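Open your viewer, get your selection tool ready, and let us take a short walk through the fold together. Each stop tells you what to select and what you will find there.

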Amino acid sequence: MSMAVVGGIVFSVFLMILLFVRGENIKRELKRANAKLESASRQKTHLGGIVMELAKEEQLMLKERMARIQKESAPNERFVVCTKLLIDASDSVISDAALDNRTVKKAFEYYLCHFSDIPFSEFKTVILQDQKRQQLWAGDNIHAYLELCKSCIATIE
């Protein structure tokens, strides 16, 4: 055999060994990355559950406050009706937002479209008149949503 053929074979074997070693390293890195991703996913699910539990407790307190208010105020007042709708939707909104199905705004709009006869534009006109409530609505997270509910109830009280 000629030197060129032997050199080509040696080079090919060296290249295959190099590619094999590199492939094994990439395979190990992939396994580590998958383990980290799975751990992060479990942690996200766990934290989402905790957020939902805390938000649900706060929601129950808001519902109790709203029930007291409704006994004392005129039930047809638009602000009271929209506030009640905001609080009634909190179950659905919190679940959707905590599980990353929708943003808080989108979850609330979906609730209004499917479970209410009040259009979203009217809700915005009635509830979002105050600068503070506009900022809370712009927050678009569960905490801001619950604070918006509290702000509306405080306005009624």
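A residue is called buried when its relative accessible area is under 20%, exposed when that area is over 50%, and partly exposed in between, using a 1.4 Å probe and protein chains only. Before setting off, note that this is a predicted model, in which local features need pLDDT of at least 70, side-chain atom pairs count only at pLDDT 80 or more, and totals for chains, interfaces and linings use all residues. Residues are numbered from 1 along each chain as its sequence is written, and side-chain values use heavy atoms, with hydrogens and water left out.

**Stop 1: Q59**

Select Q59, which sits in helix 1; helices here are DSSP runs of H or I with at least four residues, numbered from the N terminus. Is Q59 buried or exposed? Its relative accessible area is 3%, so Q59 is buried. Now show what surrounds Q59: leaving out residues up to four places away in sequence, Q59 touches I87, S90, D91 and I94. Touching, or contact, means heavy atoms within 4.5 Å.

**Stop 2: helix 3**

Next, select residues 90-98, which form helix 3. This helix is mostly covered, with seven of its nine residues buried. The buried ones are S90, V93, I94, S95, D96, A97 and A98. Just past the end of helix 3, look at D100, which takes a positive phi of about 60°.

**Stop 3: helix 3 against helix 4**

Axes are lines fitted to C-alpha atoms, for helices over the stretch in contact, and angles run from 0 to 180 degrees between N-to-C directions. To see the contact, select S92, V93, D96 and A97 on helix 3, with V104, A107, F108 and Y111 on helix 4.

**Stop 4: F108 and the core**

Stay with F108 and display its partners: not counting residues up to four places away in sequence, F108 touches L85, L86, A89, V93, F120, F123, W137 and Y145. F108 is also among the residues with the most contacts inside the largest nonpolar core, along with L86, F123, I127, I142 and Y145. That core has 36 residues; a nonpolar core is a set of buried Ala, Val, Leu, Ile, Met, Phe, Trp, Tyr and Cys residues joined through side-chain atoms within 4.5 Å. Which helix gives the most to this core? Helix 7 does, with seven residues.

**Stop 5: helix 2 against helix 5**

Now pick helix 2 and helix 5, which pack at an angle of about 115° with their axes 10 Å apart. That makes helix 2 roughly perpendicular to helix 5. Show R78, F79, C82, T83 and L86 in helix 2, which meet E122, F123, V126 and I127 in helix 5.

**Stop 6: two distances**

Finish with your distance tool. G139, in helix 6, is partly exposed at a relative accessible area of 35%, and its C-alpha atom is separated from that of Y111 by 18 Å. S2 lies in the segment before helix 1; S2 and Q43 are 62 Å apart in space, C-alpha to C-alpha, and 41 residues apart in sequence.

Note on methods: Helices (H or I, at least four residues) and strands (E, at least two) are DSSP runs, numbered from the N terminus. Angles under 35 degrees count as roughly parallel, over 145 as roughly antiparallel, 65 to 115 as roughly perpendicular and the rest as oblique.
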